Amino acid sequence: MSEKELQEFLNVCNVWKGFGEGDSRQEVLRGMDFQVRKGEFCVLLGPSGSGKSTLLNIIGGIDSADDGYISIAGDKLRDMDEKMLTRYRRKHLGYVFQLYNLIPNLNVKENIEVGAYLSDDPLDIDELLNTLGLWEHRYKLPNQLSGGQQQRTSIGRAIVKNPDILLCDEPTGALDYNTSKEILKLIEDVNQKYGNTIIMVTHNNAIQDMADHVIKLRDGKVRKNIINENKISATELDW
Amino acid sequence: MRNPINKRILRDLAKEWKRYVVLFLLMSFMIGTASGMYVANGSMLKAFDDSYDKYNLEDGHLEFKEEPTEELLAAMPGNINLYEQFYKEVSEVSDGNDSAAVRVFKIREDLNIACVIEGRLPEGTGEIAIDRMHADNNGISIGDTITVNGTGLQVVGFIALPDYSTLFKKNSDIMFNAIDFDVALVTDDAWEELPGNVKYQYAFRYDTAPASVYEEKEWGDDLMEKIAVIAATGGYTDDKDVAEELADNVDEWTSTLENMDENTSFEDISEAIDNLESLEPYEDNTNELIDFLPGYANQAIHFAPEDFGSDVAIMGVLVYVFIAVLAFVFAITTSNTIVKEAAVIGTLRATGYTRGELTVYYMMMPVIITLLSAVTGNVLGYTIFKDAVVSMYYNSYSLPTYETVWNAEAFIKTTLIPLVLMFIINLFIIVKKMRLSPLKFLRRDLSSSKRKKAVRLPRIKFFSRFRLRILLQNLGSYFVLFFGIAFVMLLLSFSIGLPETLDHYKHVMTEELISEYQYILMDYEDEDGNVITTDNGDAEKFSMNTLETIDGVHVGEGITIYGIEDDSKYVKADLPEDGVLVSSAYALKFMLHEGDTITLKEKYSDKTYSFVVRGIYKYMGGLSVFMRNDDFNECFDLDDDSFTGFLSSGKIDDIDEDLIYTIVTREDIMALSIQIDHSMGDYMDYVSFACLIIGILVIYLLTKIIIEKNAASISMVKVLGYENREINSLYVNLTTAIVVICAIATSLLSVLGLTAIFSVIMYTMSGWFEVYVSFISILKMIGILLISYFIVSFFDIMRIKKIPLTDALKNVE
């Protein structure tokens, strides 16, 4: 990958997206533009309705832009058909959601195997379980875990296939302060250990301090695009 | 690496074991029953096919009016071998039973050899072997003594004759009768000693078997014509044209001699005498062919195997309908699971799982359960169910022994097709659901409806509106509930409607019987040319003939033509002078109306007769045409004073037995209903009970689905403070109302369905009677279904009570 490609690993170019028709139509994204470098920890920050989740979904290939495009390592998503998008997600993306969405009747290890199955070269699951702090809980079902442990499992499922990009949609939204910090630390560790590009959507301003790159959104536009030179560790965050 | 999602299967199975056990049991039962029927059917059919060689089954038989001479037999066509099969049709009386008719044969050595089911063949003059089925029906055991035309004979064996696998007394009978009719074998000496009229029957077999049924039919027609001509000409010729020319010549020669005068030449007289003298050797050999029945047309041989076929066909359709209902139950269950797991599916799809991978997973359960059911069903089919079906067949027919044979058709129809049906219906619904985008799954927005707003409801009470909303949200489930109930109702209509139909038929027959006795004479004159009369004041002359239909719903169906005296006390109708009346059974079956013209043909010739229908005579006892006796004689070119016999309400004692060909009694006419009632009556209670169980299980499955689908809503209204009583009134009462409506609607539909199915069956059979299901029976059907439902609703109420309040808050974004 060239330096330019590394610089513009993820390119969001004049992306427009609206919902509804006629008078009730509402533009959620209004010409969104920014780039994310490979391996970067990028936070999309904004209030409710700013379009951050919609943008994350378009980056994840599960929604499409009305105009503009998104490219990853030079490949434009809009040129991909349904099958190619699935393959793209399978090979390059990991997803973490606010509500974990674990399979209820598979245990922790098996839930992580669900992610591993998609990769030709998955990470070592046992090692990952240790990294995630879930080794002792590996045979527990999701309903036997705390919210933090469930989110760890969901992160494990996302990163076990060692994706190029890890998309996190409000991963701490349903967690308490301490657990949120634990999860953020875990994501930070994963970013550092495995070098995945991380794009995290949040409305928590404090999280921006741990990111390499902060994109502030409002009313469907990029209001600020900040490269954070003085990022701090997740353990140091406070809100 | 195996897809780890598939590890869920066993856990899903364990979690929802009640549902899957119910589905498994229902499918196993249905597949087992069908498989049992196919296997029993296949095995019995093989036994039947094998009987052609094993027991040397005839290719047909014929009957002469008198005992044929050696010369006549020698003149028979060369492509057949005739085997003497004389019999005496006499009365049989056994302890505790009404008198029955028994056809007594000598032990057969060459053709139509008996299969001894139990005991042995007779060895002495005081012994007899009787039909196993007849013995069962009348409680006759080996060792019992029965009185055959006044002679006491000990039963030493039970037999099945291959030419009487179904006990039809006459081929034209509507139904067989194994209660009042029997066939039996005795030794040659016993037969000679037995008093009774001898019927000169011969069975025949072709030298070389016909290559096809078509050829068999062609040969049969040809053979019948030849034998009739040979018999009529005493062996002079087998050519119909030659015979007709000969008849003309005989008339001419006789006329020459009768009318000779001085103008008649000596040569003409001499030639006439010579020619007539040359025919004298044949004169002693003349006879009359009074019955000819090729094997393919013999109901006594073919009714049973054909009946097996129709049983299986009906069962096959029922299995497919039932599997389709269960497939929809599965599909809706899976569809609800998909809704419940929408967020997980969305996550997996967002992570890169393909639609195919997830579809495979959701398809696994229905396929696995169906496979397990098919295997279990087949095991049961080859064992318990087969035995049950075989015993049912043995209870109806006089069948030989059989061996269970592997049945590929059973495998295809009870295993492959249900599997494919289950696969296709589930695949269709799951693929349709999986077509939604990952985002829609993540948002739990799985509605495929483009409607943006809720349906507007009328201004009615809040609870009613609430219930209507629940109904609209669960329309798919209620739709399947409707079909499930319709299926159970159809089964119920069979189990309740069929016995009632038979009872009704018997009742109608009793009311509409033309007369208690129909005495058919050998001829209307005795040997001395005197017209046969009786002093019985109830007796009334009538004529009868049987013609065949040549068109309509059943070609070749025997229609009885009655010639009735004016002002008859038995047929109370104004018989038209310019047409005929047809019986209501005939009119209903062949959709005849006043003014229609019917054309019928003679059974053993091409001669046709046309009649104009001038009205319908209310008579369901048979397919008949009624006309004035004078018209009858004119129509069939008979003497003016000719008649066939007497209708009578009482027995006629003053006519010599030798002059009577046969007596048709109430029992003969009632044979159809009596036999069906006997064969099936006992099973119908079991079928009703099975319906109750199936009803409970089907309704259990479907209402379970509805409650599970609404678990979150139910939980939410609990959180809001609704009491269980109010929640039940919303969910259970709605389902109750729908079940009641479905029960009423489907009870009527099922009766229509039963009527249609029954009509189709009757079109393939001789005779006609219609389905009769009374209002009380419909209420009974609805009652059974509602009992099923109320049992289930108890569990539903328990289930609703158990739904935790936390469900409302689970996994809701």
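Reply: Let's start with a nonpolar core, which is a set of buried Ala, Val, Leu, Ile, Met, Phe, Trp, Tyr and Cys residues joined through C-beta atoms within 7 Å. A residue is buried if 20 or more other C-beta atoms lie within 10 Å of its own, exposed if 12 or fewer, and partly exposed in between, with C-beta atoms placed from the backbone. This is a predicted model, where local features need pLDDT of at least 70 and side-chain atom pairs count only at pLDDT 80 or more, while totals for chains, interfaces and linings use all residues. Residues are numbered from 1 along each chain as its sequence is written, and chains are lettered from A and ligands numbered from 1 in the order in which they are written.

Me: Which residues have the most contacts inside the largest nonpolar core?

Reply: They are Leu44(A), Ile199(A), Leu326(B), Val329(B), Val488(B) and Phe626(B), in a core of 248 residues. Helix 9 (residues 299–340) of chain B gives the most to this core, with 19 residues. Helices (H or I, at least four residues) and strands (E, at least two) are DSSP runs, numbered from the N terminus. A second, separate core of 20 residues includes Phe204(B), Trp219(B), Ile227(B) and Ala231(B). In soluble globular proteins, nonpolar side chains tend to be buried together.

Me: What makes two residues count as being in contact?

Reply: Their C-beta atoms, placed from the backbone, must lie within 7 Å. Leaving aside neighbours within four places in sequence, Leu44(A) has contacts that include Leu55(A), Ile199(A) and Leu217(A). Between the chains, 23 residues of chain A are in contact with 22 residues of chain B. On the chain A side, helix 3 (82–92), strand 6 (93–97) and helix 4 (108–116) each supply at least two residues. That side has 11 nonpolar, seven polar and five charged residues (Ala, Val, Leu, Ile, Met, Phe, Trp, Tyr, Cys and Pro count as nonpolar, Asp, Glu, Lys and Arg as charged, and the others, Gly among them, as polar).

Me: Why is Asn112(B) called buried?

Reply: Asn112(B) has 21 other C-beta atoms within 10 Å, so it is buried. Asn112(B) lies in the loop between strand 4 (100–106) and strand 5 (115–119) of chain B. Although Asn112(B) is not a glycine, its phi is positive, about 50°. Most residues other than glycine have a negative phi.

Me: And is Asn162(A) buried or partly exposed?

Reply: Asn162(A) has 18 C-beta neighbours inside 10 Å, so it counts as partly exposed. Asn162(A) sits in the loop between helix 6 (147–159) and strand 7 (165–169) of chain A. Asn162(A) is not a glycine either, and has a positive phi of about 50°.

Me: How do you know that Ser495(B) is buried?

Reply: Count again: Ser495(B) has 22 other C-beta atoms within 10 Å, so it is buried. Ser495(B) belongs to helix 15 (residues 475–512) of chain B. From Ser495(B) to Cys691(B) is 196 residues in sequence but 8.5 Å in space, C-alpha to C-alpha.

Me: What makes helix 10 of chain B mostly covered?

Reply: In helix 10 (residues 342–351) of chain B, 10 of its 10 residues are buried. Among them are Val344(B), Gly346(B) and Arg349(B). Gly352(B) follows this helix, with a positive phi near 125°.

Me: Why do strand 6 and strand 10 of chain A stand at the edges of their sheet?

Reply: Two strands pair if DSSP finds at least two bridges between them. Six strands of chain A form an open, mixed sheet in the order 6-7-8-3-9-10. Strand 6 and strand 10 (221–227) each have a single partner strand, so one side of each is left without a neighbour in the sheet. Inside this order, strand 7 and strand 8 (residues 197–202) of chain A pair in the parallel sense over five bridges. Asp169(A) stands opposite Val201(A) in strand 8 of chain A.

Me: How confident is the predictor in chain B?

Reply: The mean pLDDT of chain B is 85, and 94% of its residues reach 70 or more. This score is the predictor's confidence in each residue, from 0 to 100. In chain B, confidence is lowest in helix 18 (residues 666–669), at a mean of 70, and highest in strand 6 (residues 127–131), at 95. The model scores ipTM 0.83 and pTM 0.69.
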